[in-house]
Amino acid sequence: MENAVILVVGAGTMGSSIAQVFAANGHKTYISCRHEEHLDEAVERINDAIDGLMDEGLADGTYRENVNKNLKPLTSDRIPEIAAEVDVAIETIVEKPEPKRELYKVLNDNCKKDCIICSNTSGMDVFSVGKDVIDDISRLIITHWFNPPHLMKLIEVVRGEETSDETTEKMCRLLKSVGKKPAVLNHFAPGFIVNRLSTVINRELYYMIDNGWISAEDAENAIKYTNGLRYGFEGPLALWDFVGLEIPMTVAKGVLPSLCNDIDGIPYGDKLLKEGKTGVKAGEGALKWGDVSEYVKKRNRRIIQMTNIMNAWDEEDDKDE
């Protein structure tokens, strides 16, 4: 969709970064939340993110000009005033059914009838939530972005049972046009693609740590210095193909019976939570952490560096096709 008008509802970390992506790529982009001061914070957050991109040579003055020109902050009570011009509405609001239902009704009653309604939910079945308030449920879809959205390329595009092919194809084209890589999940499943895999991996790592088989540091290194090196250019399916399926399938027969199969929770994770070891912001989770802001800066810089490498690999692969 060329020159699409975008509405992002929710001006937190995810919403502000998503709005930045569309505004930077030439789309008139409204960003909305209930409180004026939160909009001011979102604009400040976006400018800080642009500073980071400029420091790494990934943005210039034109990028900032595009964002400043195309970004239109407004409070949520004003959504009906601009809704008729919106082509795509993306909600990034609280993960509770009732606020989402209320918003979907506002969008349904005020947006044009072919406006695509997207949710950035990380796991909620918004199709059940929106079914009673959206007249044409075929235009509801999940677009799950990853943090920080202006740096992370992958977006999980999740269809409901009634989401149309047209809605899916339009969103994929739009996301590709702003430099993202959509991965389509044709059936709603809790956790979608990435979080399902993360849950499996961390359940097993936590199980091994809890049983004293391995330290948290060695668990990290075991991933970082094997799959972590490969996954940028060779995913797990390609790896098994490269090795030859006979070997990993044989190994799997011995591994599967010994894997953790807890389905009610992850005991080691529950233990960490009870001890207040909730992760980076608490200074400790499975691992120990220092200054949060410095880690975020370092993390973002490394995402940018890895993205630059992967972009070069993508260009190389495109030439080979």
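At 27% relative accessibility, Asp314 counts as partly exposed, a class that lies between buried (under 20% relative accessible area) and exposed (over 50%), judged with a 1.4 Å probe and protein chains only. The structure is a predicted model, in which local features need pLDDT of at least 70 and side-chain atom pairs count only at pLDDT 80 or more, whereas totals for chains, interfaces and linings use all residues. Residues are numbered from 1 along each chain as its sequence is written, and side-chain values use heavy atoms, with hydrogens and water left out.

Asp314 belongs to helix α14, which covers residues 292-320; helices (H or I, at least four residues) and strands (E, at least two) are DSSP runs numbered from the N terminus. Apart from neighbours within four places in sequence, Asp314 is in contact with Lys153 and Lys181, where contact means heavy atoms within 4.5 Å. The C-alpha atoms of Asp314 and Phe233 are separated by 8.6 Å, although these residues are 81 residues apart along the chain. With Lys181, the side chain of Asp314 forms a salt bridge of 3.8 Å, N to O; the term denotes a side-chain nitrogen of Lys or Arg within 4 Å of a carboxyl oxygen of Asp or Glu. Because Asp314 lies in helix α14 and Lys181 in strand β8 (residues 181-185), the pair ties together parts that are 133 residues apart in sequence. Lys181 is partly exposed, at a relative accessible area of 42%.

By the rule above, the count of salt bridges comes to 16. Side chains of opposite charge can pair when their charged atoms come close. Lys100 and Glu91 meet through their side chains in a salt bridge of 2.8 Å, N to O. Lys100 is buried, with a relative accessible area of 0%, and Glu91 likewise counts as buried at 0% relative accessibility. Arg159 and Asp165 form another salt bridge, with their closest N and O atoms 2.8 Å apart. In this pair, Arg159 is buried at a relative accessible area of 14%, whereas Asp165 is partly exposed at 47% relative accessibility.

Strand β2 (residues 29-33) has five of its five residues buried, so this strand is largely enclosed by the rest of the structure. In a regular strand the side chains alternate between the two faces of the sheet. Strand β1 (residues 6-9) runs parallel to β2 and is joined to it by four bridges; two strands pair if DSSP finds at least two bridges between them. Val9 has Ser32 as its bridge partner in β2.

Ser138 is placed in the loop between α6 (126-130) and β6 (140-145). This residue is buried, with a relative accessible area of 18%. Its side chain is joined to that of Asp136 by a polar contact of 2.6 Å, that is, a pair of N or O atoms within 3.5 Å in which, within protein, one must be able to donate a hydrogen and the other to accept it, residues adjacent in sequence counting only if both atoms are side-chain atoms. Beyond neighbours within four places in sequence, Ser138 is in contact with Glu162, Thr163, Ser164 and Thr167.

Helices α11 (236-243) and α12 (246-255) each supply at least two residues of the patch, and α12 gives the most, with three residues. Phe242 lies in helix α11 and is exposed, with a relative accessible area of 67%.

Most residues other than glycine have a negative phi, and most peptide bonds are trans. A cis peptide bond, with omega about 0°, joins Asn147 and Pro148; Pro148 is in the loop between β6 and β7 (154-158). Phi is positive at Asn3, near 55°, a residue in the segment before β1 that is exposed at a relative accessible area of 64%. Phe192 also has a positive phi, of about 55°, but is buried at 1% relative accessibility, in the loop between β8 and α8 (194-210).
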